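Colleague: Hi! Could you walk me through this one? I'm still new to reading structures.

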Amino acid sequence: MIMIVFTVISVLTILCMGIMVYFRFSSFVKQDAVESTQKLVEQTGESLEDYLVQMRQISDAAYYNVIKENDLSENAEKIQEGMKLLYEANINNLRSIAIYDKEGNLVTAEPVVSKKKGVDVTSQDWFCQAMEDTVNIHFSTPHVQNLFDDGTRRYYWVISSSRVVEITDGGDSYRGVLLVDMDYSGISRMMKQINAIDNGQYYYLCDKNGRIIYHPQQILINNGTEKENSAAAAGYKEGVYDETFEGKHRTVIVNTVSYTGWKLVGVIPDSIITHEMINIQQVVMMWILLMVMMLIVVNRIVSAKISRPILRLNDSVLEYEAGKEAKIYIGGSMEIRHLGESIQNSYRHNEQLMEEIVIEQNERRKSEMDALQSQINPHFLYNTLDSIIWLVEGERNDDATFMISQLARLFRISISKGHTVISVRDELQHVRCYVNIQKIRYKDGFSTIFDIDPSIENCCAVKLTLQPLVENAINYGITEMDGSEVITIAGKRDGGDIVLSVTDNGVGIPEEKLELLLTDSTRVRKQGSGVGLVNVHNRIQILFGKEYGLEIESELDEGTTVSVRLPSIPFTQENQRIFEKGYLFSKEEWENKDEKEQ
Amino acid sequence: MKKNNKTFFALEAILAAGVLLLAVFMMWERREEDKIKVSVILQNPDDSEWSALKYGMKMAAQQEDAEVFIVSTGDMRNANEEKKVIEQEAAEGADAVIVQPVPGADTEEILKEAGKEIPIMLVEDTESTEEEELLPVTGKNQYEMGKALAQEVLRDYGGSLQGKTVGVFSKTTDLKMISERERGARETIEKAGGKVHWFVAGDFGETEDDFLKFQPQTDVILALDDQSLAKLGNYAESERLTPHVYGIGHSTEALYFLDTEVVQCVLVPDQFDIGYKSMSAVMEFLSGESDKMPSDVV
């Protein structure tokens, strides 16, 4: 139970932690992707701006230091030289510098190469834009330069910056267009570098109208295989935007390039973040599973450490209660040890008390037995001695002698060295003595028959059980004493028990009295030894249990039979000692004991 | 074993099985993340004529997050040598190969043998998509290209070539390709009333100029490949030829001659598209989106 509770709490805690970690990592991944893209876009934007500033500076230098400072007619060589210097200083980024008049005629160009035939520059975008807006420098989208023939039979991609310039020629000034063609490879190289990481996110460059300047899939976009949301990006200000394009959700980071209005756009498709999320999910899941596994083991160890001593204590208490184990477990933590010790002490006290109670009860029972047995002596002794006196006075010395000897034997058995349990043989002998004494007293006014199964003579019997029955039969059953009265004393086995009975053929007992004979111990006896049937019945039950004792059957004018039911227990000194100590055998124990001894 | 012991071990076993399954799944997914490798076998792969084709392949591969290896082969003389290169690429871990087959009647048959080991896509000219092919092909319809070139001539001559003579020149020795282009051009020219006066295919080395000089004069010369177009451009520029030159080419030199009006028309095969489509077909097949690689005509 402890383990289950621990485990449930642990698993719930780990799940909560796992979910928190997952969400924290997820937001971190997205934030990190956006931030790193933002940084890269900003850095690249700055590089592009530097590149464009450089172009602008070249254009400014060509205009303010070369064209404006010199008259074309007078200082043509100076103009050419100045342009040459500028070109050579920036040869890595420049493709050409050229000046055209407002009609589109080439005034001068650097490097000096032949002009291609049939080229009308006035229809080209860079020329038109410069003539339309005379204030600013204009940057075109990438295009193939097709103005000059340098003899290499090659074509170059350029970005043209154009502006209107004032050309002084022979003192007159007129408008012209200064064209600086930048090598597009500078920009494309920069863009290729940031697109080199092949993780799904990409960067592209478009002008303020959304026309693509660079895109990693430019050809596919141009031939319509792929599409790009550049028109929307051109309308965005600098910042981070979530958009859905072609059914796919993505995050775009937009940076505006100064001077040109170009937009540098970083695109992070959600699929990248989703992919990262799946990786995180798997790692978190693995972590949760391993943690749960580990915690279950730890919980088991911890809970076992806590619960095992308690369970062992409980087991030992249960065993103690079942009577199997007398020792209480003492172990585990200090508190449980203390508990064990307390229980053990408590049980010890209980045992001590129980022993005291048993001893006390035995003593009480013994005193009861002694008290019951002691009720016999005075009445009977008085009557017998009275009869002996009567015989001596009548000079019937032989009868007196016989009577004294029978009395002596009777007392010897009565005493039986203080034992309460004697053999059936001794009990019968006791009865015979008694009957002999009474026959002399009543001058053979009745006769007796002993019908005894010899096999029961070695069984245990309670001392002084038959004698009171015979006494009752003489005192209450027989009235005439004319010699026709017969008292039968029988003994036989009945199943696992033995039954001793005393039967008379006297007047019988009325039914209303019969019921009180074994229950009413307060009845005052008028005659006899003073030991009533209740006395005998109680003594048997004290020793052998409630299922034993007396049974009385009687019919008026027919006679009475009083049966004594006793367990069939062989008479031995050990059994005698056990019974007198107060141990009550169960019926099975008697039977087993009986079988073993037989 | 006590009940709680059983529960404990069962729980641990279930969790361990979960960990194991997850680990296997993660490893499997990681293996899935390994990029597909496609080798491209071209003859003289560094030639500029393949630039657009290679770029198209790289674009398609990039979209599918695959890797492209252009195999440095030198000059392969026959199909058996090409087959060895394919087998070598397969042994080195390529998932598929895109091959420009060497000329030869038995090439496709031999390459089909190699195709049992590794998926092969051919990038080459194909006569017709209706014919049964042994291997999938992404290429140009050569007949249609020859026809289209002749139609350009026809357009410049007002729809009729009645009485006009045409010479046809090719430096490429791939007979199948050239014969198809020539057939397409010839049928169109003859249908328009013109006549193919001569047809020459071959590399004549240093004697090429002399060879061209001795050909009968014609009104139009058709160059059926990029090399012949460049050669004719140079020749026409230096010799100031009167016949109009039309050709099929893709090099900047060919475009230069068009730009300088030495050549009247250049028909540019879309090599990028061939490269892109061939690689896309391979990717679709390898990723399981299609069960076979289809042939395609660009």
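**A chat about the model**

Modeller: Happy to! This is a predicted model. Let's start in chain B, where helix 3 (residues 79–91) of chain B packs against helix 4 (residues 107–114) of chain B at an angle of about 20°, with the axes 9 Å apart.

Colleague: So are helix 3 of chain B and helix 4 of chain B roughly parallel or roughly antiparallel to each other?

Modeller: Roughly parallel, because the angle between helix 3 of chain B and helix 4 of chain B is about 20°, and angles under 35 degrees count as roughly parallel.

Colleague: And is the crossing of those two left-handed or right-handed?

Modeller: Helix 3 of chain B and helix 4 of chain B cross in a right-handed way.

Colleague: Which residues meet there?

Modeller: From helix 3 of chain B come Ala79(B), Asn80(B), Glu82(B), Lys83(B), Ile86(B) and Glu87(B). Helix 4 of chain B brings Thr107(B), Ile110(B), Leu111(B), Glu113(B) and Ala114(B). By type, the residues of this contact are five nonpolar, two polar and four charged.

Colleague: Nice. Switching to strands: is strand 6 of chain B mostly covered or mostly open?

Modeller: Mostly covered: strand 6 (residues 165–170) of chain B has five of its six residues buried.

Colleague: What does strand 6 of chain B pair with?

Modeller: One partner is strand 7 (residues 195–201) of chain B, which runs parallel to strand 6 of chain B and is joined to it by six bridges. In that pairing, Ser170(B) sits opposite Ala201(B). Strand 6 of chain B also pairs with strand 8 (residues 220–223) of chain B, again in the parallel sense, over four bridges. There, Gly167(B) stands opposite Ile221(B).

Colleague: Got it. Now, how many residues of chain A are in contact with chain B?

Modeller: 16 residues of chain A are in contact with 16 residues of chain B.

Colleague: Which helix of chain A gives the most to that side?

Modeller: Helix 7 of chain A does, with nine residues. Helix 5 (218–222) and helix 7 (270–322) of chain A each supply at least two residues. The side of chain A that touches chain B divides into ten nonpolar, two polar and four charged residues.

Colleague: Last topic: what is the secondary structure of chain A?

Modeller: Chain A comes to 16 helices and 20 strands. Of its 598 residues, 31% count as buried. Among contacts in chain A with a separation of 6 or more, 67% are between residues 24 or more positions apart.

Colleague: Thanks, that helps!

Key:
Residues are numbered from 1 along each chain as its sequence is written. Chains are lettered from A and ligands numbered from 1 in the order in which they are written. This is a predicted model: local features need pLDDT of at least 70, side-chain atom pairs count only at pLDDT 80 or more; totals for chains, interfaces and linings use all residues. Axes are lines fitted to C-alpha atoms, for helices over the stretch in contact, and angles run from 0 to 180 degrees between N-to-C directions. Angles under 35 degrees count as roughly parallel, over 145 as roughly antiparallel, 65 to 115 as roughly perpendicular and the rest as oblique. A crossing is left-handed if the near helix is turned anticlockwise from the far one by less than a right angle, and right-handed if clockwise. Two residues are in contact if their C-beta atoms, placed from the backbone, lie within 7 Å. Ala, Val, Leu, Ile, Met, Phe, Trp, Tyr, Cys and Pro count as nonpolar, Asp, Glu, Lys and Arg as charged, and the others, Gly among them, as polar. A residue is buried if 20 or more other C-beta atoms lie within 10 Å of its own, exposed if 12 or fewer, and partly exposed in between; C-beta atoms are placed from the backbone. Two strands pair if DSSP finds at least two bridges between them.
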